Amino acid sequence: MKHLLTLRDWSREEILAVIELAARVKKRPWWYRRKLKGKTLLMLFAKPSLRTRLSFETAMLELGGHAIFYDIATSPLGKKESIEDGARVSGLYVDFIMARLYEHETIEEFARYSPVPVINGLTNSYHPCQILGDLLTIKETFGHLNVRLAYLGDANNNVTHSLMIGCSKLGIPMTVACPRKKEFMPDARIMKETGVKVVSVQEAVKDADVIYTDSWQSYHIKDSAMKRRRRALMPFQVNKNNFNSTAYFMHCLPAKRGDEVTADIIDGERSLVLPQAANRKHIEKAILLKLR
């Protein structure tokens, strides 16, 4: 049984293959419009979502299948009903399961007992679908993946961790610039695994082809912590003073202009945020086709 829980699950060849498939699906969507006819995707949501829900739901629709939205907040799953039972039973009704959860251990347990492929739509630790879509966007923009990527800001999050793993798998040099405090640093195990280093902002952006950032307030961070966090993170804001003019800007969204990035950068001509968002649908089509 093949799942997509983190990019560790897939080899370099599998990652490149799904990017190429996504490009073909995007170019000729009509060729694939019946490929998942009669198939159903269950979408489990513990966290709020815009792009993940819309992209997966439209992906299934455009492939000829059907998607079911299921709100875990109103569900007995993980409370009255065990994850094991929930996974086994869900797999009796559907062909794929996509879950957007908090703890990564929960989706690992779900996949352990699921009789159908499980896709990580986001956990606190990893966001593989986002990064696969980002890699597709980079390939489209440059015509290749021989690029250098710099990540600025809060680096202790699912996007940074998945970027580190994805870039490492594909041989993309990546550096991180963030406050040197545990709260903001990438997971030490992933740093050791990938060889990604934390450097100064100036060193990170100097030769970067892509400058990437993410929200300073992930879903699990309380509003009361933001005043302190802004003070620590403001030196790592992406703005005209540290933006390499030959680079492209990336952000997985949602974004807060004036925090992690200024409006002139995210809304400027070097911004790839909308192509990134659009490519979520195309890469998720390819993931579903690969796992069917």
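Student: Which residues is I287 in contact with, leaving aside its neighbours within four places in sequence?

Tutor: They are L4, W10, V18, I119, C129 and L132. Contact means heavy atoms within 4.5 Å, so I287 meets that limit with each of these residues. Remember that this is a predicted model: local features need pLDDT of at least 70, side-chain atom pairs count only at pLDDT 80 or more, and totals for chains, interfaces and linings use all residues. Residues are numbered from 1 along each chain as its sequence is written, and side-chain values use heavy atoms, with hydrogens and water left out.

Student: What makes a set of residues a nonpolar core?

Tutor: Its members are buried Ala, Val, Leu, Ile, Met, Phe, Trp, Tyr and Cys residues, joined through side-chain atoms within 4.5 Å. The largest such core has 60 residues. I287 is among those with the most contacts inside it, along with L41, I119, L132, L149, M174 and L288. Apart from it lies another core, of 18 residues, including V201, F236, F243 and F249. In soluble globular proteins, nonpolar side chains tend to be buried together.

Student: Why does R280 count as buried?

Tutor: Buried means under 20% relative accessible area, exposed means over 50%, and partly exposed is in between, with a 1.4 Å probe and protein chains only. R280 has 2% relative accessibility, so it counts as buried. R280 lies in helix α11, residues 273–291. Helices here are DSSP runs of H or I with at least four residues, strands are runs of E with at least two, and both are numbered from the N terminus. Beyond four places in sequence, R280 is in contact with R51, T52, S55, H127, C129 and Q130.

Student: Is A46 buried, partly exposed or exposed, and what makes it so?

Tutor: Its relative accessible area is 30%, so A46 is partly exposed. The residue sits in the loop between β1 (40–45) and α2 (51–62). Not counting residues up to four places away in sequence, A46 touches I72, R100, L101 and Y102.

Student: What marks out phi of L122?

Tutor: Phi of L122 is positive, about 150°, although the residue is not a glycine. L122 belongs to strand β4, residues 118–122. With a relative accessible area of 6%, L122 is buried.

Student: What kind of peptide bond joins L253 and P254, and how do you know?

Tutor: Look at omega, about 5°: the bond is cis. Phi of L253 is near 65°, a positive value in a residue other than glycine. L253 lies in the loop between β9 and α10. P254 is in the loop between β9 (248–251) and α10 (263–266).

Student: Now the whole protein. How many helices and strands does it have?

Tutor: There are 11 helices and nine strands. The radius of gyration is 19 Å, close to the 19 Å that the globule rule gives for 292 residues, so the protein is as compact as a globular protein of that length. That radius is taken over C-alpha atoms, and the rule is 2.2 Å times the number of residues to the power 0.38.

Student: What share of the 292 residues counts as buried?

Tutor: The share is 55%. Among contacts between residues at least 6 apart in sequence, 71% join residues at least 24 apart. The C-alpha trace spans about 55 × 45 × 35 Å along its principal axes.
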